[in-house]
Amino acid sequence: MAFKNIFKFKTLSTAVAAMLLFATTTVMAEAPAAAAATADDASTTMWTGVGYYVLLFVLLATIVGIVGKILRVYDLTAQIQGKKAINWNNIMGVLCIVFLLAGLYGSYWEFTEQGTMSLPAAASIHGVDLDNMFSVTFIITVIVFFLTQICLFWFLFKYRGSDKRKAYFYPHNNTIEKIWTVIPAIVLTVLVITGFFTWKKITNTTEVKGDINIDVTGHQFAWELRYPGKDGKLGTKDYKLTTGTNKVGVDFKDKNSLDDQIADTLVVPVHKSIRLNIIAQDVIHSVYMPHFRVQINAVPGLPTYFKFTPTLTTNEMRAKVEDPKFEYLLYCNKICGGGHYNMQKVVRVVSQAEYDGWVAAQKPYFNDALKKELKMADAKQPKALGQNRLALNN
Amino acid sequence: MSTLAVHDHGVESHDHDHEHHHDTFISKYIFSMDHKMIAKQFLITGITMAVIAMVLSILFRIQLAYPEKTFPLLETLLGHFAPGGRLAPEFYLSLVTIHGTIMVFFVLTAGLSGTFSNLLIPLQVGARDMASPFLNMLSYWFFFLASVIMLSSFMVQKGPASAGWTIYPPLSALPKAMPGSGEGMTLWLISMVLFVASSLMGGINYVSTVLNMRTKGMDLWKMPLTIWAFFLTAILGVLAFPVLVAGVVLLIFDRSFGTSFYLSEIVVQGQVMPYEGGSPILFQHLFWFLGHPEVYIVIMPALGISSEIISTNSRKPIFGYHAMVYSLIGISVLSFIVWGHHMFVTGMNPFLGGVFMITTLIIAVPSAVKTFNYLATLWRGNIRFTPAMLFAIGLVSFFISGGLTGLFLGNAALDINLHDTYFVVAHFHLVMGSAAIFGMLAGVYHWFPKMFGRLMDEKLGYLHFWLTFIGAYLVFFPMHFMGLDGVPRRYYAFTEFPSMARWLSVNVFITWAAILSALAQVAFLFNFIYSIFWGKKTTQNPWNSNTLEWTAPIEHIHGNWPGEIPTVYRWPYDYSKPGAAEDFIPQTVPHSQTMSSNLVHDFEDNEAGLAAFHEWVKANPPREEVK
């Protein structure tokens, strides 16, 4: 009976293998032919390709089925002959140890190989604090990770089931439970307190004075930059004034706005406190500059800001990561639509002298097209403008 | 009828006359009011949804691994969603969105809680059925309708919702912002309202059944941990889900009736919109007020299931039963005051961020206690590796790995750089995705005999476990490092950034690992379906388990037990008790029958019993002296 089973499956598998061979040869034969053929042929090739993989899977499944049957037959014959059946507890216990060893090596490999691919050390002042916090958390979690996983899989192997043994009845032990409630609580208190103060230090930046204010406005799918000009002050905005030429809706009644400048690249001087004033026009975006450990959402209707001080110029970073093409980037990190995956701005950190030269060369926001548009609007609605002025005087 | 039966189950007057009760096909299999059948309906619908969501994930994994390649098959299957054999960027986002929605709500909330709360609450507390069988039936059919509507959004011209499973407005509120925010989004919202209705009906039922319909002797501290977990989960759901409905209804108003609850100062594609005064952040508060308890709604039933399975298969009482219950309660309470950790970088007041950070990290304490208690349960056990046990162990392993990375993300300072990167993807896929799905699979393997009267094949179960377990780690472990390099989630392709393009080989690797794990599920599906019809017939108590459900007959009957409902005398974890003949003592065995194994501890609130025990000890000198 058992042999019959094997035989049955052997014929089946031979049949499948033959089919597979046939399919492969068909695909192989058709592949070169299809290259020069019409679209119809392309679709046939597609389907034979699909069929090839389906057959491959069927073959795999059949092999699994055969192995299963063989195991079953082995078990049954062992039972008939009065021998011991396969001890799956032992097999699983050993597999647990194998998994533990492979897993330990695997995670070590990941930490060393891919861990080095992660971001270089922070290029901003607050980023250093953040990195320290990260290291503390990392050390604690990695220790716990290895200890608990080793315990888990070691216990599985050590205490794998056997008919000869009985488990140890051990429903609770208040002392042990108190210990392992208190220890995590202490460790977490350390993490909470250090984390809280790091967070406070990063977000509470009012003491730092003399920021360079830069306006960052997000919309699908680009960032608009506005520099404050010579007066160092950004003009106010009103979203209702947004037009094709006045892209971010600057209000030119505010004198501060007249010398504002637009830029294509976010250029900032090194060692200076930079304040990014952030808003979005259509949907939520997120200003993400991972090298500086900067991220804050750009929300329509809710202005946000992030203050940071870059410490490494682009050139210094290029030398550090040994990549002459390296650029700092600002990119969107909140799902915002079809173009979300490509919404980036180059950020360049330069010396103060370079910055002064660069900023002088930037175009004014209040350009000729805008002036013309504004004049036309003035001519068109003198009354309305007059009313506005009246309102302002009030 | 069944409620009455509980209160006077001493009187033998149940109206369960099987001769007079004729089930038609429709009343037995479709509009069934029997909790066991409803559990099966939830399970099979849940598994179907899981397979669909898994296929969606493979589709977008292929895009991530081969962003430049074309697959003519995709165009054949998906039409204009994959022009020229490449997924459209908007459709990629739809796939991500629907994958997340289905997995979180339809599989791990309804599929998990719906299946096992329905199956186990009446059977493990000793009730004839749920408190309200009719509401229970409605709960399933609302869920079914919600599933159908969610899937039907693939038939809409502009495609399904695509603003991410968190559907943050204004992206989800403005049809102009992306195609998926058109009719697809409307369907998503309708589906979700129905889903919440279903989940509330279920939750109220679970809570009232646990509170009111326990059998004689089943006090709260004799309930299995599964019941504790389902009970607390249901409370979380009842308190949290209505807030989501509120948020969703306001979003429907913004989308369809011109209100501006979430919208303010918006300019879409150069056009100034009239919305003023709303706040997009308000939606995030409402969403995460549900959203964070939701992740515990997902993981707690899985933790309950694994506690039961680990104890049964280690042949040892669960270590620190009380601590396990208190940590579940602690997690439940804390889960309501941590939602702000999803919003550290929204521009929320930094002080508030600090407070949320403190509450978030405190949750790690009860979670750590649970983990240590699992390990202590395994220690010196006599571990029987059933497939259910392996999956429960897999859950513990994932819970550790994924839980630890929560300490990074819960820290507001570290979250600045990790928020919305692949680190987050790795974190929640391990701790709530993989862990919860492993809990669910463990439950399926363990209670399959209870549901279908047959056993699943163990060897196929082993194959399924190892492939899935290894596959899941291979998929999610490398993602941590992508996140540490600042690679954002929900990116259609990493081709536009040279710094991210170097992760392409890792993406290819992850995709193949995902395909491997997906194929491994075929072993499960085959095993599941085959065993329903042709599996080996089970015995009444195949795992030598203590809980009440195994005292019910294999053949399903209305009211679960013929004659009286069994009375409960002890807690459910008397495994390998010294002095007992067997290595398990079911809950229905009174202490008077197990004198040789009784402990003083067993009579904490039973003075008469304690006196009888002391007399017996005097009469029978301790066992060690006999030896």
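## Basis of the model

Residues are numbered from 1 along each chain as its sequence is written, and chains are lettered from A in the order in which they are written. In this predicted model, local features need pLDDT of at least 70 and side-chain atom pairs count only at pLDDT 80 or more, while totals for chains, interfaces and linings use all residues.

## Chain A

Chain A has nine helices and ten strands. Both kinds of element are DSSP runs numbered from the N terminus (helices: H or I, at least four residues; strands: E, at least two). Of its 394 residues, 28% count as buried. A residue is buried if 20 or more other C-beta atoms lie within 10 Å of its own, with C-beta atoms placed from the backbone.

Contacts are pairs of residues whose C-beta atoms, placed from the backbone, lie within 7 Å. Take the contacts in chain A between residues at least 6 apart in sequence: 68% join residues at least 24 apart.

## The interface of chains A and B

The interface brings 91 residues of chain A into contact with 98 residues of chain B. On the chain A side, at least two residues each come from helix 2 (39–80), helix 3 (88–113), helix 4 (125–158), helix 5 (174–203), strand 6 (285–289) and strand 7 (294–298). Helix 5 of chain A gives the most, with 15 residues. By class, this side has 48 nonpolar, 33 polar and ten charged residues. Nonpolar here means Ala, Val, Leu, Ile, Met, Phe, Trp, Tyr, Cys and Pro; charged means Asp, Glu, Lys and Arg; the others, Gly among them, are polar.

One helix pair spans the two chains. Helix 4 of chain A packs with helix 13 (residues 387–409) of chain B at an angle of about 175°, with axes 9 Å apart. Axes are lines fitted to C-alpha atoms over the stretch in contact, and angles run from 0 to 180 degrees between N-to-C directions. The two helices are therefore roughly antiparallel (angles over 145 degrees). Helix 4 of chain A contributes residues including A:T137, A:V144, A:F145 and A:L152. Helix 13 of chain B contributes residues including B:I393, B:V396, B:I400 and B:F408. The contact has ten nonpolar, six polar and no charged residues.

## Domains of chain B

Chain B is divided into domain 1 (2–537) and domain 2 (548–626). The bounds come from an automatic or database domain assignment. Their centres, taken over C-alpha atoms, are 37 Å apart. The contact takes 31 residues from domain 1 and 24 residues from domain 2. On the domain 1 side, helix 1 (2–7) and helix 5 of chain B give two or more residues. Helix 5 of chain B gives the most, with four residues. That side has nine nonpolar, twelve polar and ten charged residues.

## Helices 5 and 6 of chain B

Helix 5 (residues 89–125) of chain B also packs with helix 6 (residues 133–152) of chain B, at about 160° and with axes 12 Å apart. That angle makes helix 5 of chain B roughly antiparallel to helix 6 of chain B. Among the contact residues are B:F106 and B:G114 of helix 5 and B:F143 and B:M150 of helix 6. By class, the contact has five nonpolar, five polar and no charged residues.

## Around B:T377

B:T377 lies in helix 12 (residues 364–378) of chain B. B:T377 is buried, with 28 other C-beta atoms within 10 Å. Beyond its neighbours within four places in sequence, B:T377 contacts B:I310, B:S311, B:S314, B:K316, B:I318 and B:F319. B:P317 is 60 residues from B:T377 in sequence and 6.9 Å away in space, C-alpha to C-alpha.

Terms used. Buried ≥ 20, exposed ≤ 12 C-beta atoms within 10 Å, placed from the backbone. Contact = placed C-beta atoms within 7 Å. Parallel < 35°, antiparallel > 145°, perpendicular 65-115°, else oblique.
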